[in-house]
Each structure stands twice: as C-alpha cells, then as structure tokens.
Amino acid sequence: MSDRTKPHVTVLGLGRMGAPIASAFLVAGYPVTVWNRTAAKADALVAQGAVRAATAAEAVTAGSLVIAPLLDHAAVRQALDPIASVLRGRTLVNLANSTPDHARDLAAWATGHGADYLDGAMLALPETVATPDGFFLYSGSRRAFTTYRRELEVMAPAHYFGADPGAAEIHDLALLGTGYAALTGFLHAAALLDTVGTSPEVFAPLAARWLHGMAGFLPELAGEAGRAAYAGGTSTVDLNRAGVDSLIQLSRASGITTDVHEPLKALLDGRSADGHGQDSFSSVFELLRARAPEQQ
Ligand SMILES: NC(=O)c1ccc[n+]([C@@H]2O[C@H](COP(=O)([O-])OP(=O)(O)OC[C@H]3O[C@@H](n4cnc5c(N)ncnc54)[C@H](OP(=O)(O)O)[C@@H]3O)[C@@H](O)[C@H]2O)c1
C-alpha cells in the first residue's frame, strides 16, 4: 500500500538495474509508475503494486521524481527527446552510464525544458540495489539532491559531488577504471594458474585476501602521490620493475599474453630511466597525471 504523503516516483527503464530500483520504491511505500520500452518487463512490478504507463510521456507526467536507469545516453535521448515538454517542473535523475560531457549536455537540455536535473552513477549490482553494499554518486542540481535525498537513499547510499553535472560520471569512470585494472589482473592471474591446474575458483579467495590488503595500502599511496613525496618508500620503482619483469617472463613462457602488464613495465622502465628507480612505486603517478600542453 503506497503512502500518499510520499512523492510519486516514476521509473523509466526496467532492465537489470531499473527493475530492482522500482521494486525498492514499492517496498518503501512510494507510489510508483513504471514504463519500459518492452512492456512485459513491467508485469512483476505491476503485480507488486506499480502503475504501468503506456507511454514514456504518461509515465513522466505521473511522477514528480523521474528516475531513468536506461541503457546509455542514446537510449535516454531516444526516450526523452520526443516528450521534452512534459518534463517541466519535474526532477529528472539520469542513471545511465555516460561521459561527463553527455551528462552536461543532458543537464542543459533538461534544464532548458524546465526540469531540475541530477546525474547519477550506480556503483552497485542489481542484487545490491537498496542494500548498504551499493552506493550511487550524484552531481548537478543541489536543490534536487537536497529535496529528494530521502528518495535517493531508497536506492543506495547517496554521495553528492557538486553542481557540475559531469562530476558524478568522472568519479564513476575513475572507480570503474580502478576496478577494471584489478579484475583484469585477476583474470590474467587465473589464466596463468590454469596452466598449472589451479582453477579460478580455488584462486579467487586467495586473490580476494590479497586485494583486501592492497586496499589498506591506498592511503599511503594516495598520501605520497598527493604530496609528490616519493623518497624513502619501502616499495620502490626498481623493486617493482623486477617483479613485473618476472611476471612478464613467466607469462611468455606459459603461453599467456603479456598485454596486461607491458604498459606498467613501460611506465616503471621510464621512471627508472629518468633516475627515479629508488623512488616509491607511487611515483608512477608523475607519468600518468595530466600535463600542461607545453610539457607533453
Ligand atoms: N547491470 C549492472 O550490473 C549495472 C551496474 C551498475 C550500473 N549499470 C548501468 O546501469 C544502466 C542500465 O543497465 P542495466 O544492466 O539495467 O541494462 P539492461 O538490463 O540492458 O536494461 C537496459 C534498459 O534500457 C532500455 N533501453 C535500451 N535502449 C533503449 C531505447 N533506445 N529506448 C528506450 N529504452 C531503451 C531497455 O529497454 P528494453 O527492456 O525494451 O530493452 C531496458 O529497460 C547502464 O548504463 C549500465 O551501465 C549496470
């Protein structure tokens, strides 16, 4: 039974993320209208108490808070461009993965049509929606974030990154990049161990333990990079060059690709060749960070 004192929530897009999001609002007692391009995906939510809208325009008209966990930027534009006029006076929360520039474009477009715009990025899996294990990032209208904070927290713990609509996407991509590097490292290692009969399932708990320890190392790494203070570290460039070199040699001898670690080796070699072999591993940051054009 929905609570009439709560704002009416519209969810556009009932894919892997949209369906549990709509369900979470129903469980929390919100009146919920749903729309999906493929209408049948709304069936279970309608059985749970959601109202099915026949069109995206009908769905947007029903809600003061419009949440759009659609596939990507193109899908958002395809769904919303033809119905821009009904956005006026509503708050649009775009949860599709996109780039900062796409987020800024959409913010300007939505604001131009009289909507309050919040860009969101979901650091969660379908099964961690509405649990403390997921978290969502937001940027754009501070008024929208403040007004609907309680509703945003229904989906996941909510973090606001400021008025630039692109800020949530930059932070999202940075986190994805961190994860991709770690997970690709795991898959490479699993392929390596496969050659000696250790299965990925057996390796996974060991890797998880190691990654947990690595996470504890981040504050030290961040402190060194943040202060550009690389002297006296225990894990030096040259020490890690040797480690990465051994890994590449073993990969080659085992018939495993060296593509994953060659870029890191090139960075460490570059740092060492510049006379920084005894600096901390974190000094690789100096080769990665953006430079003024005249320094490139
Ligand atoms: N899945 C994850 O683990 C996960 C985690 C974090 C973030 N994300 C992000 O969350 C977003 C949604 O992902 P998802 O996993 O829920 O995707 P999904 O299961 O593939 O669902 C995509 C949704 O977008 C709709 N859609 C696609 N193209 C459309 C168009 N042109 N017009 C209207 N609707 C369109 C689909 O409608 P139909 O049902 O009609 O195809 C469906 O509702 C993505 O940006 C993804 O990167 C996903």
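Biologist: What classes of residue make up the shell around the ligand?

Modeller: In this predicted model, the shell around the ligand is made up, by class, of eleven nonpolar, six polar and three charged residues.

Biologist: And which residues come nearest to the ligand?

Modeller: The ligand has 20 residues around it, and those that come nearest are Asn36, Thr38, Lys41, Leu71 and Gln78.

Biologist: Which pocket does the ligand sit in?

Modeller: The ligand sits in the second largest pocket.

Biologist: What about the backbone, say at methionine 17?

Modeller: At methionine 17, a backbone N or O atom lies 2.8 Å from an oxygen atom of the ligand. For asparagine 97, a backbone N or O atom likewise lies 2.8 Å from a ligand oxygen atom, while for glycine 15 the distance from a backbone N or O atom to an oxygen atom of the ligand is 3.4 Å.

Biologist: How much of the ligand's accessible area does the protein cover?

Modeller: On its own the ligand has 900 Å² of accessible area, and the protein covers 80% of that.

Biologist: Changing topic, where is arginine 104 found?

Modeller: Arginine 104 is found in helix H5, which runs over residues 100–112.

Biologist: Why does arginine 104 count as partly exposed?

Modeller: Arginine 104 counts as partly exposed because its relative accessibility is 30%, and that class lies between the limits of 20% for buried and 50% for exposed.

Biologist: How far is arginine 104 from alanine 68?

Modeller: Arginine 104 and alanine 68 are 36 residues apart along the chain, and their C-alpha atoms are separated by 16 Å.

Technical notes
Residues numbered from 1 in each chain as written. Predicted model: local features only at pLDDT ≥ 70, side-chain atom pairs only at ≥ 80, totals over all residues. Heavy atoms only, no water. Near = heavy atom within 4 Å. Polar contact = N/O pair within 3.5 Å; in protein donor to acceptor, adjacent residues only side chain to side chain. Areas by Shrake-Rupley, 256 points an atom, 1.4 Å probe, with all protein chains shown as cover. 1 Å grid on protein atoms, 1.4 Å probe; cavity = no way out; pocket = protein on both sides within 12 Å on 5 of 7 lines; lining within 4 Å. Sits in = over half its atoms within 2 Å of the grid points. Nonpolar A, V, L, I, M, F, W, Y, C, P; charged D, E, K, R; others polar. Helix = DSSP H or I, 4+ residues; strand = E, 2+ residues; numbered from the N terminus. Buried < 20%, exposed > 50% of the residue type's maximum accessible area, 1.4 Å probe, protein only.
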